[in-house]
Amino acid sequence: MSFMLPHLHSGWAVDQAILSEEERLVCIRFGHDYDPECMKMDEILYSVAEEIKSFCIIYLVDVKEVPDFNTMYELYDPVTVMFFFRNKHMMIDLGTGNNNKVNWAMNDKQEFIDILETIYRGARKGRGLVISPKDYCTKYGTEAVRPVPRCGTARRVGSRRPLQGIGRAAVDSWVFASRQGRRD
């Protein structure tokens, strides 16, 4: 489906696409049209293009044809999707540790629309980093635990519920001890 989406054929064209769009999010897929992962992502991009055209524009860039951004954006994966708003690179915390880009082919059209809407809403509020509506760390098989600062309970990354057996008092004492430089 890559032939149905607009391509940018030079570094100048990429810069102009990012610079010239004032009201919409700019979504750029870096990769190769012939790569199977890019083909899957291009199908998702094409399927959502009509629904999101009011707040997002999608472009495709071949990394061999336009190598200008390969080192700057670390474009080493088969498919990389990046987001820009008003000439600013938008970052999204997907739970993978890499907040700069989506570097895998999405499988679900609605998930991608949700990501785009989240980034757009955050960008309109002036935020440079937004939190993804879904945590994608389990895609890589990790089961890390990170504290959630608002409620003080620990959560398993990829899960929307608190860990079983850890009460608020235990977590609060752990946070207090860590602030004092102690470990219990």
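Six strands make up an open sheet here, in the order 1-3-2-4-5-6 and with mixed pairing. At its edges sit strand 1 (7-8) and strand 6 (129-131), each of which pairs on one side only. Keep in mind that this is a predicted model. Its pLDDT averages 80 over the chain, and 73% of the residues score at least 70.

**The chain as a whole**
- You'll find four helices and eight strands in the chain.
- Read from the N terminus, the elements go β-α-β-α-β-β-β-α-β-β-β-α.
- The chain has 184 residues, and 43% of them count as buried.
- Take the contacts between residues at least 6 apart in sequence: 66% of these join residues at least 24 apart.
- One stretch to treat with care is residues 140-160, where pLDDT stays under 50. The model has 48 contacts beyond four places in sequence for that stretch.

**Strand 2 and its partners**
- Strand 2 is mostly covered, with seven of its seven residues buried.
- Leu25, Cys27, Arg29 and Gly31 point one way from the strand, while Val26, Ile28 and Phe30 point the other way.
- With strand 3, strand 2 pairs in the parallel sense over seven bridges. Gly31 has Asp62 of strand 3 as its bridge partner.
- With strand 4, strand 2 pairs in the antiparallel sense over six bridges.

**Helix 2**
- Helix 2 covers residues 36-52, which makes 17 residues. From first C-alpha to last it reaches 24 Å, close to the 24 Å expected at 1.5 Å a residue.
- Helix 2 lies across strand 2, strand 3 and strand 4, and runs at about 155 degrees to strand 3.
- Its buried residues are Cys38, Met41, Asp42, Ile44, Leu45, Val48 and Ile52.
- In an α-helix there are 3.6 residues a turn, so residues three or four places apart point the same way.
- The buried residues of helix 2 pack against strand 2 (25-31), strand 3 (56-62), strand 4 (79-85) and helix 3 (109-124).

**Helix 3**
- Helix 3 has 16 residues and spans 23 Å from its first C-alpha to its last, close to the 22 Å expected at 1.5 Å a residue.
- Buried in helix 3 are Phe112, Ile113, Ile115, Leu116, Ile119, Tyr120, Gly122 and Ala123.
- The cover over those buried residues includes strand 2, helix 2, strand 3, strand 4, strand 5 (88-93) and strand 6.
- At the start of helix 3, Asp108 has a side-chain oxygen that comes to within 3.4 Å of the backbone nitrogen of Gln110.
- Just past helix 3 comes Gly126, with a positive phi of about 90 degrees.

**A loop residue to look at**
- Asn70 is in the loop between strand 3 and strand 4.
- Asn70 counts as buried because its relative accessibility is 18%, and the cut-off for buried is under 20%.
- Apart from neighbours within four places in sequence, Asn70 is in contact with Val63, Leu75 and Tyr76.

Definitions and conventions. Residues numbered from 1 in each chain as written. Heavy atoms only, no water. Helix = DSSP H or I, 4+ residues; strand = E, 2+ residues; numbered from the N terminus. Expected span 1.5 Å × (residues − 1). Buried < 20%, exposed > 50% of the residue type's maximum accessible area, 1.4 Å probe, protein only. Contact = heavy atoms within 4.5 Å. pLDDT = per-residue confidence, 0-100. Pairing = 2+ DSSP bridges. Axes fitted to C-alpha atoms, helices over the stretch in contact; angles between N-to-C directions. Polar contact = N/O pair within 3.5 Å; in protein donor to acceptor, adjacent residues only side chain to side chain.
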